[in-house]
Structure formats: structure tokens, C-alpha cells
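Here are my notes on this one, written as numbered points. Have the sequence and the 3D view open while you read.

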Amino acid sequence: MTTAPTNQLFLFSRWRLLVAKHWVEHRRPYLLSLLAIGGLYAAWFAFTIAIDAYAPMAANMQFMAYITGLYAVGCLFSSMFFADLSTKKDALPWLSLPASHFEKLLCVILYGVVLFFIAFNVVFYCVDIIMVQWSNNITFHHPRFFPGTTVRVQPVTVYNIFTAVGAPVPEKNYHIFTSLYFAIQAAFLLGSVYFTRYSFVKTAIAVLLFILGFAFLQQGVIYPLLPKGWNNEFLDWARMSYDGGPPDSEVRLPGSLEKAIVALGQFGLPLFFWFVTWLRLKEKEV
Amino acid sequence: MVTIHNLHYSYRRQPVFAGLDLQLQPGHIYGLLGRNGTGKSTLLRNIAGFLFPQQGHIDALGFTPRKRQPAFLAKYFHIPEDFQLPDLSLPRWIQYIAPFYPDFNRRQFDHYSREFAIPAVGGLRELSYGQQKKALISLALATNAPLLLMDEPTNGLDIHSKSQFRKVIAGAIDDEKCILISTHQVNDLENLIDNVTILEEGKILFHQSMSRIAERLLFRLSFDPEEIAQALYSESALKGHAVLLPNREDQDSRPDLEMLYKAVLLNGKKINALFA
């Protein structure tokens, strides 16, 4: 048996070739997609500015637009990466290209996860900053007042997705949606290798079933076990006061354990899904 | 160079191979002949590591193909029947794919491109299917990969290109290389291959070199009814009957691949007995 002369798992020079080849073959659709994303955001923001006189470009709306776009485009993009493996004419050249499965997966992660996330944020904020400025310009030059009051509609600020400010659960100091994004995107990447046809739909159904299962666990199993009057939230159990103030009683996991669980979701799950994707790639038959 | 031992492979409940053994040596061009659906492409994809043997073992160039190690992938080139080239120009495609093959030779590629008259301007996807195939064949040969697997390479090539293909392949073979060509268009491989392998129902029905075939079998036209009746295979031709006979008197004849193929399918046991 011949021993392989070079590292058969990862060689930077080989990976660099793979990255360059991927870019030259896909740059056109990638750049067009980014332009399309920017155009869609600009159209949506312009629409909301036109129809919403009192809270144009509100932080909440920016947040929803960002999260919806990130999840929809990111997961769709991920599920397309290995879709080629379902057709022989695309799969055979890809599998026979002299690079390891690990290098091929790393190349996909670089484009589909790292560069996509950076490019998506750049496009979103390029559009968002301009639209927020435009919206504030309108409210500055054409002052608006809330109906029946002398309260003036205030200018809005650009929403910062990287802080907990404006997040659904600000006191937890993390964005649960962005934390979970990488795990869900990694699940879609795995789905594109696992399912040979309709991978996006099938993975979406699988993720939905998992979420339903989790919701059932929370509400159908854990909640009935709690004393009467207690709320059940993920990693947080509390008896709320009726005046809307802080909870009367609260049970939370120790801070380090809570952080560890969040980190597991944020970093552990994507790593787990990528690892399983790598195993599936190695076993892929065409 | 390639050793296949006791290969078992099936698609779900449809068995393709059940204990196939085959050896391919360097310095030869093998023609893999067989009807549609007899497992020619499946065999090629098992050798290339796209499919995994369910039982048995394949050794190709000292590697286990199913591991798809980069060192192995760089030493063979597989030309599938159906393929898609990237949306790039020919020079740009070569610029980005050639570095993956350490023995790629640019001069050779230019030579083959000229032989095949592939236009260098414009995108690859603007080329016709036949021209795209010729570009892929040129790349495959210029990589100098010791093992070349070709699945129906002449499909989509016009008559002139088919003869260019034979010329180019004949010029590319050397003692270090092994070329396996799978086809059901037997005549396209005439005067090119030096070994014939006939696959039928997942088994190697016939596996001989052309020189041995010429030595043991006689291909000729006959008008003698007795000879026609005793032939291993016969078919009516424009003049008389084309017959396949045992070559008992060491006569010279030019093997007719199509006739041999039909004869082996019809009378395989008797023909193989002549080579024992």
C-alpha cells in the first residue's frame, strides 16, 4: 500500500487553491445575490418609511428585518452549498477534485458562514444607515406629532445587532437569535448533504419538528412540574409580580453554567453539525 | 495498477456485481464493453471512489479509492458521460484547476486543444457539448494522471472528432499509464484499445488482449455453408457471411470488435475455452 506523500487531511496550499477556485467560479452569482439583498432591504425600508408616519425605521423593525433576512438568506444559501451533490454531473467533478473532504468543507464554511455573515452585515448596514439617515431627515424637515399630542416623533438610531440593547431579552446580555443562527445555518448545511432532494424544505421541516419538540418539552413537560404562578422560560423560572415589576421569586442557573449552555448553542452546536457534515461528505456516494 | 477483488455492489435491491475480479495493468488501453445497464459506469465509479464496494476490495494505484485521499485524486482523472464545466473561459478554468494536478503540463494541454480545435475565446458554457467534452479530455490527458477513466468519451463527438480522439489517446499512452474506456459504441474504439473487457450482467464475460484475440480467433468473410454453420458466430454481410472462427492455422486477420462483442454475448463459453 502506497503511503500518501503529503498531509491528506489539511494542507494550507491546497486549501488556498480551493478557495481561489471557488471564488473565481462563484463570484458572479455571489455579488449579484448581495446586490439583490441590498435592493430588497432598500425597497422594504422605503416602503415602511412611506407608510409609517410615527415610527419609521423603528429599532424593532430594523431588528426584525435583520433577523428575518439573515435566517432566510443564510439558511437558503447554506442549503444550496451541497445541493450539487445530488446530481452526478455536478457531484463527480466536485468529489474528484484533488482536495480532502475536510478542506472542501472548510472552504464551504469560509464562504457560507464567515464571508456570508460579514458580507450580509456590510450590505444590511450600508442600506440601513442610509435609510435611517433618510428617515431622520424627513422627520427633521417635516416634523410629525403623535395624534392628539404635542409629542414630536423622535429621530431613530441605527440598530446595533452586536449588543443586547433592543434585544428581546436584554438583561441576558446576549442575542438569542444571533446565537442560534450559526447552529441553525449549520443544520441546513448538514441537511444539504444528508437529503439528496428538496434539502431546504426537508431540513426546514426537521428544524421545525425539533422546535416543536422543544416547545412541548418546555410547556408540556417542565411547565406542569412548576409550582402554581411560576413562569417557565428557557434557563429562567420566575414567579412574576402583578405590578409588572421585578419577579417575586426567581430561579436561574449559576451564571457560569448559563453562559456555558449559551456558548454550547452558539459554538458547540455549529461545530457538532459541521463535524457530522464532514462525516457525511466522506461517506457520500454518487 | 488496479486490482478488483470479489467486488459486490447493488443499487438497493438490484444487484450489479456479485464477486467481480479484474486486474488492469499500466501501459494498456482497456475497452470496457457492455450493454446499457450492465454496470460499466458503476464499475468506473467504484474504481474512482464515487461508489463504495459493499463487499470485496479495490486497490487503485496503491490507494483505497473510497477514502478519496487528495494524493489518489491527483493521480487519476475521471471523464463522466454527463458533466458540467464552470462558467469560465478556457484559459481561466485551466489556470484554477491545473495546480491541483502536480504533473499537469501546459504545453501538452495547448497541443491537445489545437488537435481538437477548441476555441480559446469565449466561455466554456458557450461551447457545444462536443467541444466541452474535448476540453475535458484535453485537461485529463494534460494532467498526466497515471489512471484515466473515461465513460462513453465519444458520445457527442462528430466523426472527425472521434478520429482525432483515437489519435490523441493513442499518442498519450505510455508505460506508466492505464486508460479504461467504457463504451457501448464498439466501433469507436477500433484500432485504439489493446485489451477488451466485456461486461454482462455484472460479470466479466471476456477479458483478453487484442494480440491474443488475433492469435486465437479468425475474423473473415465466408461463402462456405459448412464453415458458416460451424462458426462461433456468423452474420450475413453484403458479400457472403462475416464469420468468427477458431484460428487453428495461425492466420492473420483484423479483429472486428463489434462482431467479437456479439459473439461473446452469444457464445461466451466456447470463445473463452479457446483462450484457456
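1. Let's start with chain A, which has seven helices and three strands. (Helices are DSSP runs of H or I with at least four residues, strands are runs of E with at least two, and both are numbered from the N terminus.) Going along the sequence, the pattern of chain A reads α-α-α-α-α-α-β-β-β-α.

2. A word on what you're looking at: this is a predicted model, where local features need pLDDT of at least 70 and side-chain atom pairs count only at pLDDT 80 or more, while totals for chains, interfaces and linings use all residues. Residues are numbered from 1 along each chain as its sequence is written, and chains are lettered from A and ligands numbered from 1 in the order in which they are written.

3. How confident is the predictor? Its score for each residue is pLDDT, which runs from 0 to 100. Chain A averages 89, and 93% of its residues score at least 70. For chain B the mean is 94, with 100% of the residues at 70 or more. The complex itself gets an ipTM of 0.92 and a pTM of 0.90 from the predictor.

4. Now for the overall build of chain A. Along the principal axes, its C-alpha atoms fill a box of roughly 85 × 55 × 30 Å. Of its 286 residues, 24% count as buried. (Buried means 20 or more other C-beta atoms within 10 Å of the residue's own, exposed means 12 or fewer, and partly exposed is in between; the C-beta atoms are placed from the backbone.) If you take the contacts in chain A with a separation of 6 or more, 67% of them join residues 24 or more positions apart. (A contact here is two residues whose C-beta atoms, placed from the backbone, lie within 7 Å.)

5. The three strands of chain A deserve a look. They form an open antiparallel sheet in the order β1-β2-β3. Why do β1 (230-233) and β3 (249-252) of chain A each have one side without a neighbour in the sheet? They stand at the edges and each has a single partner strand, so one side is left over. From one strand to the next, the twist averages 15°. (The axes are lines fitted to C-alpha atoms, for helices over the stretch in contact, and angles run from 0 to 180 degrees between N-to-C directions.) Strand β2 (residues 236-239) of chain A pairs with β3(A) over four bridges, in the antiparallel sense; for two strands to pair, DSSP has to find at least two bridges between them. Across that pairing, Arg239(A) stands opposite Ser249(A) in β3(A).

6. Where do the two chains meet? On the B side, 26 residues are in contact with 26 residues of chain A. The elements giving two or more residues to this side of chain B are α2 (70-73) and α3 (90-97). Sorted by class, this side has 19 nonpolar, four polar and three charged residues. (Nonpolar covers Ala, Val, Leu, Ile, Met, Phe, Trp, Tyr, Cys and Pro; charged covers Asp, Glu, Lys and Arg; the others, Gly among them, are polar.)

7. Chain B is assigned two domains, domain 1 (2-201) and domain 2 (211-273); such bounds come from an automatic or database domain assignment. Their C-alpha centres lie 30 Å apart. Eight residues of domain 1 of chain B are in contact with seven residues of domain 2 of chain B. Strand β8 (residues 195-200) of chain B supplies the largest share of the domain 1 side, three residues. That side divides into five nonpolar, one polar and two charged residues.

8. Leaving out residues up to four places away in sequence, Val186(B) touches Leu33(B), Leu257(B), Glu258(B) and Tyr261(B). Is Val186(B) buried or partly exposed? Partly exposed, because it has 19 C-beta neighbours inside 10 Å.

9. Asn6(B), in strand β1 (residues 2-11) of chain B, has a phi near 55°, a positive value in a residue other than glycine. Asp250(B) also isn't glycine and has a positive phi, near 50°. Asp250(B) sits in the loop between β12 (241-246) and α9 (257-274) of chain B. Asn6(B) counts as partly exposed because 13 other C-beta atoms lie within 10 Å, whereas Asp250(B), with 9, is exposed.

Key:
pLDDT is the predictor's confidence in each residue, from 0 to 100.
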